[in-house]
Amino acid sequence: MAKGKFLKKKKLTAGKVIGRVVLVILLVLLLLIGAVFAFVWSKLGLITYDDGSSYETIADTQPTDQTDASEPIASETIEDPTETIPEETFDTTGLAMAEAPSYSEGELFKDKDVTNILLVGTDEFSGGFSKASRGDVNILVSINKAEKTVKLVSFSRGIAIKMLDGPYKGQYEWLTNAHRWAGHEAVLEALSDAFKIEINRYVRVNFNSVTKIVDAIGGIEMELTAKEANFINKQHVASTPTQKKLVEGWNHLDGGTATYYARLRGIDDDWYRVVRQRKAILAVVDKLKGSSFSTLNDLCDMALPLVQTNLTKLEIAELILYSPTFLESEFDQMTIPIANSYGGMTVMSGAAGWALNYEKNNAALHEFLFGVDAE
């Protein structure tokens with residue numbers, strides 16, 4: 001009898017030991033998860049968050065010189081857009097002229113598995129973000145978590161977009177300039193209304209951000225045409241000692257040269273420029289694949305303060321969890337407007353812009369993003 005009690009006591013003791021081991025393992029796991037969460041959260045704290053509530057627009061001002069976005073904006077005190085016609089314009093030769101774009105009717109198309117984020121590249125060369133900047137790059141990054149895909153859509157800077165609120169409500173202006181007088185939140189609303197898709201998040205970088213990010217990852221590899229290489233050599237590399245002379249074919253680009261490449265339109269036009277922008281983005285993605293933890297950590301410390309967004313920390317954390325899958329996927333791409341789907345018009349600044357047939361463009365865009373027709 002005494003022996004039985006001894007065995008029972010021994011079994012209970014062993015059970016307690018096992019229970020304590022399991023508890024210790026759980027506590028260690030919780031501590032590790034907590035440490036990872038705290039680490040990620042601390043990194044996210046480096047980002048500039050702007051939900052639009054404090055965005056100060058300059059709806060009553062416009063730069064006097066828009067000849068080339070390669071020149072930095074020196075001042076935020078600028079003239080009225082309705083009184084100063086910019087020298088830069090978009091070619092409307094051979095296009096039918098219209099009073100306004102042909103908008104389509106219907107509700108916004110939404111998909112619970114799809115997150116649409118507008119990547120905005122503004123034209124500051126300084127470290128900060130200016131309210132006087134233009135949206136030089138407007139690329140929709142559409143992330144489908146169910147299908148594990150990422151799709152990129154470039155919106156041309158010359159699209160005439162209708163401003164839905166503010167002092168210029170109901171008027172049309174280039175998409176690139178709409179960021180300036182309306183702010184990024186208003187541009188998201190305008191694009192959503194025009195293309196009938198939900199776009200309520202943006203990530204903003206500028207020329208300074210791109211240059212530093214590319215340098216931080218050690219540059220990117222880019223295949224260039226002879227015309228591209230010769231032009232960049234003459235206009236940029238000749239005065240850039242950190243960049244080797246470029247040749248036709250594959251080249252290693254530093255941050256400044258990569259930024260110049262992504263903005264290049266001097267040898268052709270804006271259609272080729274948006275393709276270069278997407279190529280530069282994908283080259284950065286390729287470079288990040290397989291990066292070490294220490295490299296990514298250093299990149300976060302340097303790059304995140306150069307980013308502005310209205311994504312919440314929780315939304316960013318969720319996207320980070322999906323990122324390993326997304327980075328390995330192929331990025332499908334398209335440009336808006338599509339061929340034979342737009343005419344010309346005069347925007348409020350007096351310059352020529354593109355008046356889209358939104359019914360045609362929306363049908364193509366919805367099919368590309370969701371595999372459905374726009375209705």
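Which residues form one aromatic cluster?

**View 1. An aromatic cluster in the predicted model.** Tyr-103, Phe-155, Tyr-172, Phe-195 and Tyr-358 form one cluster. The count of aromatic pairs comes to eight. One of them joins Phe-155 and Phe-195. Their ring centres are 4.9 Å apart, with 35° between the planes, and the pair is tilted. Phe-155 belongs to strand 4 (residues 149–155) and Phe-195 to helix 3 (residues 184–195). The pair links distant parts of the chain, 40 residues apart. Both Phe-155 and Phe-195 are buried.

**View 2. The pair of Trp-271 and Trp-354.** The ring centres of Trp-271 and Trp-354 lie 5.0 Å apart. Their planes meet at 20°, so the pair is stacked. Trp-271 sits in helix 7 (residues 270–288) and Trp-354 in strand 13 (residues 352–356), so the contact ties together parts 83 residues apart in sequence. Trp-271 is partly exposed, at 27% relative accessible area. Trp-354 is buried, at 4%.

**View 3. Lysines over aromatic rings.** The charged end of Lys-151 sits over the ring of Phe-368, 5.3 Å from its centre. Lys-162 lies over the face of Tyr-103, 4.9 Å from the ring centre. Tyr-103 is also one of the residues in the aromatic cluster.

**View 4. Helix 9 and its kink.** Helix 9 covers residues 313–327, 15 residues in total. From first C-alpha to last, helix 9 reaches 20 Å, close to the expected 21 Å. A kink of about 40° lies at Leu-321, shortly before the proline Pro-324. Ile-316, Leu-319 and Phe-326 of helix 9 are buried.

Methods:
Residues numbered from 1 in each chain as written. Predicted model: local features only at pLDDT ≥ 70, side-chain atom pairs only at ≥ 80, totals over all residues. Heavy atoms only, no water. Helix = DSSP H or I, 4+ residues; strand = E, 2+ residues; numbered from the N terminus. Expected span 1.5 Å × (residues − 1). Bend = angle between axes of the 7 residues up to and from the residue. Buried < 20%, exposed > 50% of the residue type's maximum accessible area, 1.4 Å probe, protein only. Phe/Tyr/Trp six-rings, centres within 6.5 Å; stacked < 30°, edge-to-face > 60°. Lys NZ or Arg CZ within 6 Å of the ring centre and 35° of its normal.
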